[in-house]
Amino acid sequence: MKHVDEWRDPTLLRAIAERIARETTRPWKLLEVCGGQTHAFVRFGLLDLLPPTITMVHGPGCPVCVTPLEILEHARRIALRPDVILCTYGDMLRVPGVNGDLLSARADGADVRVVSSPLEALDLARRSPDRVVVFLAVGFETTAPATAALIELADREALTNLHVLPAHVRVPPALDALFSPTATANVNVNVSVDVDVDANTDDTAQTPSDADAPRIDGLLAAGHVCTIEGAEVYEPLACRFGIPIVVTGFEPVDLLRGVLACIRRLERGQTGVENAYARIVRPEGNPLARAAVDRVFAMADVPWRGFGVLPGGGLAIRERFAAHDATRRFALPLASDAAEPIREPTSCRAADVLRGRLRPLDCPELGRRCTPETPLGAPMVSSEGACAAYFSRRSAHAGAPDGAAKSAGSAADGATT
Ligand code: SF4
């Protein structure tokens with residue numbers, strides 16, 4: 001634990017926070033992209049350590065949260081086939097879809113299994129030659145290499161009963177959309193599946209006004225994505241939008257150092273990319289992992305929940321590996337073939353949360369109708385969801401006047417619990 005403790009040292013954290021306060025001369029808004037970073041900011045009380053002039057905006061960096069309803073519906077339908085075993089990560093089971101979640105599909109007889117690694121799906125396919133094993137693959141650039149390895153191994157072993165339903169997404173196009181909202185091709189995602197439309201739905205629910213978009217001065221980029229993609233991948237964004245982007249890790253000291261580096265650049269009028277996570281991230285990333293992804297996947301225009309179709313926003317399986325593509329195996333319709341626009345529940349404002357337009361604490365449903373046991377949206381389900389982060393923090397400090405933002409906790413408290 002010594003290694004972890006040094007990145008949570010309360011004395012060091014307070015010293016960095018004091019530096020941030022001393023060097024900040026005006027209000028700044030910073031966006032942290034990754035849901036893991038959001039959870040660390042909230043869990044360790046880091047938001048309370050920052051001066052009031054610094055506002056952290058939570059970004060869309062939770063792959064479970066941005067997986068579109070159409071993929072969830074496809075997964076549910078595939079899972080209900082009697083010959084199929086559907087595997088995915090645990091977070092995906094309780095994400096509300098249009099006609100229920102995967103857990104309810106399991107209650108209806110579907111064989112849905114939780115795996116912690118794509119290789120477990122490979123093993124399952126080897127041991128179940130009479131069944132069709134489908135792996136619902138979600139995640140950012142970080143997890144795509146493992147999915148690519150799964151597909152290459154299945155191909156090498158000629159495992160014809162293993163298919164992947166790809167839902168991998170890429171971060172830079174979403175940031176592009178956040179900084180230039182018109183980059184989103186369309187906000188409502190069209191799907192050609194039969195939808196049991198709930199009375200409490202409205203097709204304008206996912207169309208937050210761009211006028212509400214927060215002005216963001218600087219960005220903390222997720223260290224794990226850069227471990228694969230490299231820090232350099234953000235240079236074009238920093239240049240185009242004239243902002244500083246600081247590659248940041250996930251421990252409290254990493255996060256405050258990331259904020260300090262970003263503030264320093266803002267105060268000096270410097271844009272560009274800075275790597276504040278150099279113990280892990282190399283400028284060029286991991287070329288071997290990227291090569292594996294490139295062999296198996298091609299960039300594709302895919303829908304993000306809350307964003308619409310993002311050009312280059314995801315990955316599709318290349319023709320060479322078509323035999324392992326669940327999209328082809330089950331002849332799933334493309335988003336562009338849509339007959340009816342999909343409708344999100346109006347009661348959940350996940351789209352606003354994902355785009356940094358609404359703090360989870362300001363959602364009237366948080367902790368009322370929406371809890372981890374009764375989630376109305378994916379950000380309350382996922383271990384990286386912003387709403388779940390605030391719910392946990394508020395529950396831990398039940399009785400505090402206004403929840404997490406005013407929690408009595410400090411980074412030191414969080415670090416020692
Ligand atoms: S708290 Fe619940 S209802 Fe509100 S935005 Fe988050 S997931 Fe949706």
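Visitor: What makes β2, β1, β8, β9 and β10 an open sheet, and in which order do the strands stand?
Guide: First, a word on the source: this is a predicted model, where local features need pLDDT of at least 70, side-chain atom pairs count only at pLDDT 80 or more, and totals for chains, interfaces and linings use all residues. Residues are numbered from 1 along each chain as its sequence is written. Helices (H or I, at least four residues) and strands (E, at least two) are DSSP runs, numbered from the N terminus, and two strands pair if DSSP finds at least two bridges between them. The five strands line up as β2-β1-β8-β9-β10, with parallel pairing. β2 (54-61) and β10 (272-275) each have a single partner strand, so one side of each is left without a neighbour in the sheet. Neighbouring strands of this sheet are turned by 25° against each other on average, direction ignored; axes are lines fitted to C-alpha atoms, for helices over the stretch in contact, and angles run from 0 to 180 degrees between N-to-C directions.

Visitor: How do you know that β1 and β8 pair?
Guide: Three bridges join β1 (residues 28-34) to β8 (residues 218-222), and pairing asks for at least two. One place to look is E32, which stands opposite L220 in β8. β8 also pairs with β9, in the parallel sense over four bridges, and there A222 has T248 as its bridge partner.

Visitor: Why is β8 called largely enclosed?
Guide: A residue is buried if 20 or more other C-beta atoms lie within 10 Å of its own, exposed if 12 or fewer, and partly exposed in between, with C-beta atoms placed from the backbone. Five of the five residues of β8 are buried, so the rest of the structure largely encloses this strand. Both faces take part: G218, L220 and A222 point one way, L219 and A221 the other way, and all are buried. Over the whole chain of 417 residues, 52% count as buried.

Visitor: What is the order of the strands in the open sheet of four?
Guide: That sheet runs β4-β3-β5-β6, again with parallel pairing. Its edge strands are β4 (111-114) and β6 (162-168), each of which pairs on one side only. From one strand to the next, the twist averages 20°. β3 (residues 84-88) and β4 pair over four bridges, and T88 has V114 as its bridge partner in β4. Helix α8 (residues 118-127) packs on this sheet, touching β3, β5 (132-139) and β6, and its direction makes about 175° with that of β5. Touching here means contact: two C-beta atoms, placed from the backbone, lie within 7 Å.

Visitor: What makes a group of residues a nonpolar core, and how many residues does the largest one have?
Guide: A nonpolar core is a set of buried Ala, Val, Leu, Ile, Met, Phe, Trp, Tyr and Cys residues joined through C-beta atoms within 7 Å. The largest has 123 residues, and L86, F135, A221 and C387 are among those with the most contacts inside it. Leaving out residues up to four places away in sequence, F135 touches C87, T88, P118, A121, L150, V164 and L165.

Visitor: Why is helix α18 called mostly covered?
Guide: Eight of the 11 residues of α18 (residues 386-396) are buried, including C387, Y390, F391 and R393. The cover over them includes α3 (35-43), β2, α16 and α17.

Visitor: Which residues are closest to the ligand?
Guide: The closest are C348, C363, C370, G377 and C387, out of 14 residues that surround the ligand. A residue counts as near a molecule if its C-beta atom, placed from the backbone, lies within 6 Å of it. α16 (350-354) and α17 (378-381) each supply at least two residues of this shell.

Visitor: How do you know that A158 is exposed?
Guide: A158 has 7 C-beta neighbours inside 10 Å, and the cut-off for exposed is 12 or fewer, so A158 counts as exposed. A158 sits in the loop between α9 (144-156) and β6, with a positive phi near 55°, in a residue other than glycine.
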